[in-house]
Amino acid sequence: MFLALKEMARAKTRFGLLIAAVGMLVFLILFQQSLQNGLLTSFVGAIRNQSAPVLVYTVDGQRVIQGSVIPAGLEQQVGANTDVGRIGRIGLGTFTAETGDGERFDTTVLGYQTPDLGAPTELIAGRFPSAPGEAIGSDADASQGFGLDAVVTIQPGGYELVIVGLARDVQLNAGPTLFANYDDYVDAVRSVNPDALDPLPNILAVAPAEGVADTELVDSINAISQDLDALTRTEAADQTPGVSQVRQSFQVIFLLYGLVIPCVTGLFFLIITFQKSGALTLLHAIGAPVRRLVTSLLIQAVIIIAAGFLIGLAVYAPVSQRRLGGIPLRFETNAVIFWAILLMILGTGSSLISAKRVLAIDPIEATTGGANQ
Amino acid sequence: MTNSALHMSNVRKVYRMADTEVVALDHAELTVASDEIVALVGPSGSGKTTLCSIAGGILSTTEGSVTVGDEEITAYSDKQLTVFRQNQVGFVFQSVNLVPFLTARENLLVVDELGRREGKPARQRADRLLEELGLTDRSKNLPSQLSGGQKQRVAIGRALMNEPKLVLFDEPTSALDTELGSQVMELIRSEMKSRGTAAIVVTHDERITAYCDRTVHIIDGVLAA
Ligand SMILES: Nc1ncnc2c1ncn2[C@@H]1O[C@H](COP(=O)(O)OP(=O)(O)O)[C@@H](O)[C@H]1O
Ligand SMILES: [Mg+2]
């Protein structure tokens, strides 16, 4: 402790700069972690956090709700499957919606037939719709005129929806998202385009019969027709086009950060170990066991990573409460714990290269001063 | 119980390099009494540092045996030698003697911190040594803020921190002018004598020998009284 702390106290700038650099990298990592999760949630939160355990698309839809259209024949075939317990329609439309203060947004309206087959699983405020013209909003949009009791007008046509409940993390395609009864969804479509036929459902929401697992139901439905593409809720969210690409891009970024931090700390310790090799040799020559010298190095590495992490965390905490271009960020506790452990291991691990140098010190060099030249 | 601080018997040291061998020490016989100060005088490259390194357990011999106090260290492992250096000998090296990021006082305390960890008694010993060496008002200075003579005095204090049986001074005055050199030698003598500690003082300056009890000459690795 003594040696490690004294040295840090005497070289405050040097160690301070390293701690600041580690802190900045930690902040960037955690921030991007929030960004990734926020981005994915705003893209497919509505799928992930709706109540139907299995969703059925058409193959043509390529796992995009808007792209899928279920003809009546297929709907009947799915309904007739004995593994299906309950079945409901889900329709999706993107409309121009005007909020109370006259602002217009491209808004997704999802229509579900029964709340346990396609409505948000949980509300954080208000209630589920019980009368025509009522809808559930996403709390991420609440501040933009989609809050509780707000009235939203679908344009052109002037169909009105009043928001009676709010759910968390239920956006689709990173824009304002509303959940309404299927009939209201159909009315909304008609109001915009009075001449159109009744829309077909985009996807089907199904729950398994007693004793049937979700995955069994998925297999069973996919066996009905080559045109059907049944997915569990999680699969449907994760396999939405773009999701895995976003994940992969972020993984590359995280991998790079995961490499940069040990490189920075490893190189730093290598340089300072080299610079003070004269002192280390002297100490070993006068009887300091190399083990103690290595311990002192590791203590410094732990202090630097810990302090850097705390600084990064201190910057991250307030930033994680904000929105970034419409994407709500969140404090990712799991990511914080994961990265704290990983960086501690990588940071101290990288300083072991310097420890190897320390272990190789030959005390004879103290007699010649060779180590210090 | 022997009453010699150092006994070297028939010690030979050969440095082996790619295609040559350098015999740095040959058939060295040397006994230093428990409170004796021996001057080791010889030209550059004659084997003085080699002899001190062997006596201090920094270097192992090619042949012969070395006993410091009661300890026969000839066959010691690296670990055993480290513990031996920690407890039995004091060093003042030719070049680097102080840790640059520690103050004068801390340079003394680090001996205890990385060694026996006595705590308070060690702190008291450090303060007493700094006082004896006239460094009390310099104890908080870093080596870079000390003069050559002051640095050398800190190094002497550091060498005495572990209460060694034998202190090895490798050219302690070579970087100092005559006046300062004499002062440092007086200090060394009084510190050794007041503790009854044995010492070897390496020098190629004959004037230094006046401060020692006995002079041993070395030429091309061979000792002569
Ligand atoms: N590590 C070493 N490797 C090879 N030769 C060495 C080494 N250290 C010292 N020598 C050689 O051993 C001889 C004695 O060196 P040294 O003990 O340092 O002499 P002194 O201290 O009297 O100047 C010299 O010829 C020197 O070149
Ligand atoms: Mg020498």
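Nine residues of domain 1 of chain A are in contact with ten residues of domain 2 of chain A. The model is predicted. Domain 1 covers residues 2–43 and 243–368 of chain A, and domain 2 covers 46–236, according to the domain assignment. The centres of the two domains, taken over C-alpha atoms, lie 46 Å apart.

Five residue pairs make polar contacts across this domain interface. Helix α2 (residues 12–48) of chain A gives the largest share of the domain 1 side, four residues. That side holds three nonpolar, three polar and three charged residues. One salt bridge crosses between the domains. The side chains of Arg330(A) and Asp169(A) meet in a salt bridge at 2.7 Å, N to O.

Chain A also touches chain B. Here 25 residues of chain A and 29 residues of chain B take part in the contact.

| Interface | Buried area | Carbon and sulfur share |
|---|---|---|
| Domain 1 of chain A and domain 2 of chain A | about 790 Å² | 36% |
| Chain A and chain B | about 2,400 Å² | 70% |

Phe2(A), Ile286(A) and Arg292(A) supply 26% of the area that chain A buries against chain B, more than any other three residues.

Two salt bridges are counted between the chains. Lys6(A) and Glu106(B) meet in a salt bridge through their side chains, at 3.1 Å, N to O. Eight residue pairs are in polar contact across the chain interface. Helices α1 (2–10), α8 (277–285), α9 (290–319) and α11 (365–368) of chain A each supply at least two residues to the side that touches chain B. α8(A) gives the most, with six residues. The chain A side divides into 13 nonpolar, seven polar and five charged residues.

Notes: Residues are numbered from 1 along each chain as its sequence is written. Chains are lettered from A and ligands numbered from 1 in the order in which they are written. This is a predicted model: local features need pLDDT of at least 70, side-chain atom pairs count only at pLDDT 80 or more; totals for chains, interfaces and linings use all residues. Side-chain values use heavy atoms; hydrogens and water are left out. Domain bounds come from an automatic or database domain assignment. Contact means heavy atoms within 4.5 Å. Buried area is the accessible area (1.4 Å probe) that two parts lose on being put together, summed over both. A salt bridge is a side-chain nitrogen of Lys or Arg within 4 Å of a carboxyl oxygen of Asp or Glu. A polar contact is a pair of N or O atoms within 3.5 Å; within protein, one must be able to donate a hydrogen and the other to accept it, and residues adjacent in sequence count only if both atoms are side-chain atoms. Ala, Val, Leu, Ile, Met, Phe, Trp, Tyr, Cys and Pro count as nonpolar, Asp, Glu, Lys and Arg as charged, and the others, Gly among them, as polar.
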